[in-house]
Amino acid sequence: MNFVKSIALCILKPLVHIFNMSLIQGIFPDKMKIACVLPLYKAGDAQDVSNYRPVSLLPQFSKLLEKLFNRRLMDFVKRMNILYLRQYGFRENMSTAMAIFELSEAITSSLDKEESTIGVFIDLKKAFDTLIIHCY
């Protein structure tokens with residue numbers, strides 16, 4: 001990113017044009033979708049493939065355009081009030097710790113009122129470890 005910052009003034013106009021065209025057309029340029037996928041070791045037996053997760057290294061320009069798309073999308077979502085009030089993950093000024101706190105408060109309140117409380121918890125530890133490769 002240091003290199004991009006050092007040449008920012010030289011590439012600003014064409015970059016703004018590319019980003020604006022991408023937003024207007026609603027298309028993320030194919031060349032910016034190319035990533036280097038590397039296996040990142042998590043834990044356990046290093047010989048077991050399931051103990052690795054794929055990490056995509058994207059070009060810096062892709063990251064900039066992605067941030068622009070994300071900011072515009074989140075502004076729209078906030079303006080239209082689309083998200084559920086208790087959507088904690090991946091939101092500004094919200095955290096999964098807040099969700100846990102609210103859950104604890106609800107359980108405590110139910111116990112104080114001598115109400116029944118049921119919880120269903122799902123382990124999603126490896127839910128996002130699937131990598132689909134398309135060959136053309």
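Mentor: Buried means under 20% relative accessible area, and exposed means over 50%. Keep in mind that this model is predicted.

Trainee: Is serine 110 buried or exposed?
Mentor: Start with its place: serine 110 sits in helix H4, residues 96-112. Its relative accessibility is 14%. The cut-off for buried is under 20%, so serine 110 counts as buried.

Trainee: Which residues is serine 110 in contact with, leaving aside neighbours within four places in sequence?
Mentor: Contact here requires heavy atoms within 4.5 Å. With those neighbours set aside, the partners of serine 110 are Glu115 and Thr117.

Trainee: And alanine 35: where does it lie, and how is its accessibility classed?
Mentor: Alanine 35 is in the loop between H2 and strand S1 (36-41). Its relative accessible area is 29%. That value falls between the 20% and 50% limits, so alanine 35 is partly exposed.

Trainee: How many Å apart in space are alanine 35 and isoleucine 107?
Mentor: In sequence, 72 residues separate alanine 35 from isoleucine 107. In space, C-alpha to C-alpha, the distance is 44 Å.

Trainee: How do the lining residues of the largest pocket divide by type?
Mentor: The pocket holds about 190 Å³ of space. Its lining includes Lys67, Arg71, Asp75 and Phe90. By type, the lining divides into two nonpolar, one polar and six charged.

Trainee: Which element of the protein chain has the highest mean pLDDT?
Mentor: The chain as a whole has a mean pLDDT of 85, with 91% of residues at 70 or more. Among its elements, helix H1 (residues 2-6) has the lowest mean, 85. The highest, 92, belongs to helix H2 (residues 8-25).

Key
Residues numbered from 1 in each chain as written. Predicted model: local features only at pLDDT ≥ 70, side-chain atom pairs only at ≥ 80, totals over all residues. Heavy atoms only, no water. pLDDT = per-residue confidence, 0-100. Helix = DSSP H or I, 4+ residues; strand = E, 2+ residues; numbered from the N terminus. Buried < 20%, exposed > 50% of the residue type's maximum accessible area, 1.4 Å probe, protein only. 1 Å grid on protein atoms, 1.4 Å probe; cavity = no way out; pocket = protein on both sides within 12 Å on 5 of 7 lines; lining within 4 Å. Points joined across faces, edges and corners; volume = space filled by probe spheres on them. Nonpolar A, V, L, I, M, F, W, Y, C, P; charged D, E, K, R; others polar.
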